[in-house]
Amino acid sequence: QAKAIPGNSYRFFDAALAADIAAGAAIERDLARAIDAEEFFLEYQPIVGVESGSVRAFEALLRWRHPQKGITVPDDFIPAAEKTGLILPLGNWVMREACRQASGWPAPTGVVVNVASAQFRDRAFVDHVMHCLAETGLAPGRLTVEVTESVFSTDDMAVREGLRALRAHGVRVALDDFGLGFSSINNLRTFPIDQLTVDRSFARAMMENKREADLVDIILKLGQAFQVTTTVKGIESEEQLDFIRQRGASEAQGYLISAPVPASEVPAILARPKSRLSA
Ligand code: C2E
Ligand code: MG
Ligand code: MG
């Protein structure tokens, strides 16, 4: 693009690129420092059975208590962590912390951990997961590893091998943001998974638009056909919950049930009367 524009635009392009690189280096230093300074922590968001209303699991969601910027959410720093490779130490920390905290919850309450595709290219990752489980005593079946469909965008053998190994050890695998990615149906055909999650953008759109509603219906039917658990995210209203219940979704997550909470509030959520979970 820069080639087509003569004169000063070259300088402009170079300056923008240089600024980009400098910003990247700054966030890299900041992330590395933050891991050492223990500025990261996890929040937990409950996932309930649509029929029973009871809590089946909590999803671990990473937060950064930044000394200047305050509490920062993953979308603001996970991309940089992936680019710099710092996702490996950070992801390993998340896995250990989530297993440690979940091991204190009553069985069979599960924990869902988001894992970036780069983590599977680390040969030691599967061993690290098994080590976390052994160390904390958490039963493998109580851990679900959530990966986005984008992990399959390149025919990534490392990811497939890693997920296969984890499943062989009894860890569950969920495909996140199902329907947003590429060749979703083929992923279901060729890859053994336990669960798929419907992205929260669908939960909103299905109430406004018949086509989107039909699409959610089809995704849930696909899940049933492949005999996997289906989890709809971003449920904010009773109407949305009713809609997915009628269409046979297994699980729901969203602000209607609870926003993500600090680990200290997990016991209170588990103690809530069931009627309040879906009301
Ligand atoms: P996700 O796995 O789809 O997680 C659900 C996101 O939806 C969370 O945002 C959650 O706070 C938000 N959410 C939950 N219920 C509702 C609702 O009813 N309405 C709306 N509008 N939003 C809702 P969060 O915590 O900002 O996380 C964003 C994404 O960052 C996650 O999406 C996940 O892909 C990624 N992520 C989070 N933690 C980790 C981590 O430890 N490692 C990696 N690699 N990625 C992570
Ligand atoms: Mg996720
Ligand atoms: Mg999502």
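Student: What are the ground rules here?
Tutor: The model is predicted, local features need pLDDT of at least 70, side-chain atom pairs count only at pLDDT 80 or more, and totals for chains, interfaces and linings use all residues. Residues are numbered from 1 along each chain as its sequence is written, chains are lettered from A and ligands numbered from 1 in the order in which they are written, and side-chain values use heavy atoms, with hydrogens and water left out.

Student: How many salt bridges does the structure hold?
Tutor: There are 15, a salt bridge being a side-chain nitrogen of Lys or Arg within 4 Å of a carboxyl oxygen of Asp or Glu.

Student: Which residue does E59 meet in a salt bridge?
Tutor: K233, at 3.2 Å, N to O. E59 lies in strand 2 and K233 in the loop between strand 8 (229–232) and helix 10 (238–246), so the pair ties together parts 174 residues apart in sequence. Strands are DSSP runs of E, at least two residues, and helices runs of H or I, at least four, numbered from the N terminus.

Student: Are those two buried or exposed?
Tutor: Both E59 and K233 are buried; buried means under 20% relative accessible area, exposed over 50%, partly exposed in between (1.4 Å probe, protein chains only).

Student: And E236, which residue is its salt-bridge partner?
Tutor: R204, with the closest N and O atoms 3.5 Å apart. E236 is partly exposed, at 40% relative accessible area.

Student: Switching to helix 9, which of its residues are buried?
Tutor: A213, V216, D217, I219, L220, L222 and G223. Just after helix 9, Q227 has a positive phi of about 55°.
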